[in-house]
Amino acid sequence: MKKYLSFALALVIVVSVLAGCGGSNNSDGSDSSSDSAEVLTADSLKTIGDVEALENKTEPQREVGNGRVVCAFKYGDTYYRVRADMPEDVMQAYFGIDIMEDGFEEKQNEIVAPLEINKFEILSDQILTQDELDALKGKTGQELVDEGWTYEGSFFLDDMEFWMSYGPFVYKVEFDGRADGKDADNYDAEAGTKELKVKSAEFSSLGMNATSID
């Protein structure tokens, strides 16, 4: 039984996973980024347009709002996040494009492309090691929440596997317990695992809040 958290498009804060900062996959669905891809630096990426030009980036995200644009993505084996300030007139032009208009994504990309990056981060350093994840064994769901973990909204009740965020990343956390007879559509993951103990945890991917830098 699986449940997915739906994504909403806001007028003030927009997170574009498929639009902009786009990635590339092989026809078989595998990641097309090369393990030997160059390591990017602040000198490699000067503008948001430079990020757009990276052909083999994966797991792309973009957030626009509050006077800035933030992109997070994976390139090769490394995760990155960049930020650029966005003047009010540029933001108005960006949100002024009708999303029902043909080619609106390309037009939005053209608007943000010249913006100069003023913050460059390598996010991979924030990924919890497997030793750190193994140390979670025996902790309850409530203890994870108290430590700053959040539920992403996706889970398998049959295996008691839950996708949870910590920092900019998502991890698959398995709890020792059962949810017999529970309806996945109405299941409260946080309440249901509050007293259950972690059985295992492993790294998954970038989380939905990877572009949140406040």
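Figure 1. Two packed helices are described by the angle between their axes and the distance between the axes. Helix α2 spans residues 88-95 and helix α3 spans residues 104-112; their axes come within 9 Å of one another and cross at roughly 170°. Because angles over 145 degrees count as roughly antiparallel, α2 is classed as roughly antiparallel to α3.

**Figure 2. Residues at the contact of α2 with α3.** From α2, the residues Val90, Ala93 and Tyr94 take part. Their counterparts in α3 are Gln108, Ile111 and Val112. By residue class, the contact comprises five nonpolar residues and one polar residue, with no charged residue.

Figure 3. The side chain of Asp43 is joined to the side chain of Lys46 by a polar contact of 3.5 Å. Asp43 and Phe120 are 77 residues apart along the chain, and their C-alpha atoms are separated by 9.5 Å.

Figure 4. When neighbours within four places in sequence are left aside, Lys199 is in contact with Lys137, Glu174, Phe175 and Asp176. A further pair shown is Lys199 and Gly138, whose C-alpha atoms are separated by 6.7 Å; these two residues are 61 positions apart along the chain.

**Figure 5. The protein chain as the setting of the close-up views.** The predicted model contains six helices and 10 strands in its protein chain. Of the 214 residues in the chain, 41% are buried. Among contacts with a separation of 6 or more, 67% are between residues 24 or more positions apart. The accessible surface of the chain comes to about 11500 Å², and carbon and sulfur atoms account for 47% of that surface.

Notes
Residues are numbered from 1 along each chain as its sequence is written. This is a predicted model: local features need pLDDT of at least 70, side-chain atom pairs count only at pLDDT 80 or more; totals for chains, interfaces and linings use all residues. Side-chain values use heavy atoms; hydrogens and water are left out. Axes are lines fitted to C-alpha atoms, for helices over the stretch in contact, and angles run from 0 to 180 degrees between N-to-C directions. Helices (H or I, at least four residues) and strands (E, at least two) are DSSP runs, numbered from the N terminus. Angles under 35 degrees count as roughly parallel, over 145 as roughly antiparallel, 65 to 115 as roughly perpendicular and the rest as oblique. Contact means heavy atoms within 4.5 Å. Ala, Val, Leu, Ile, Met, Phe, Trp, Tyr, Cys and Pro count as nonpolar, Asp, Glu, Lys and Arg as charged, and the others, Gly among them, as polar. A polar contact is a pair of N or O atoms within 3.5 Å; within protein, one must be able to donate a hydrogen and the other to accept it, and residues adjacent in sequence count only if both atoms are side-chain atoms. Buried means under 20% relative accessible area, exposed over 50%, partly exposed in between (1.4 Å probe, protein chains only). Accessible areas come from the Shrake-Rupley method with a 1.4 Å probe; for residues, only the protein chains shown count as cover.
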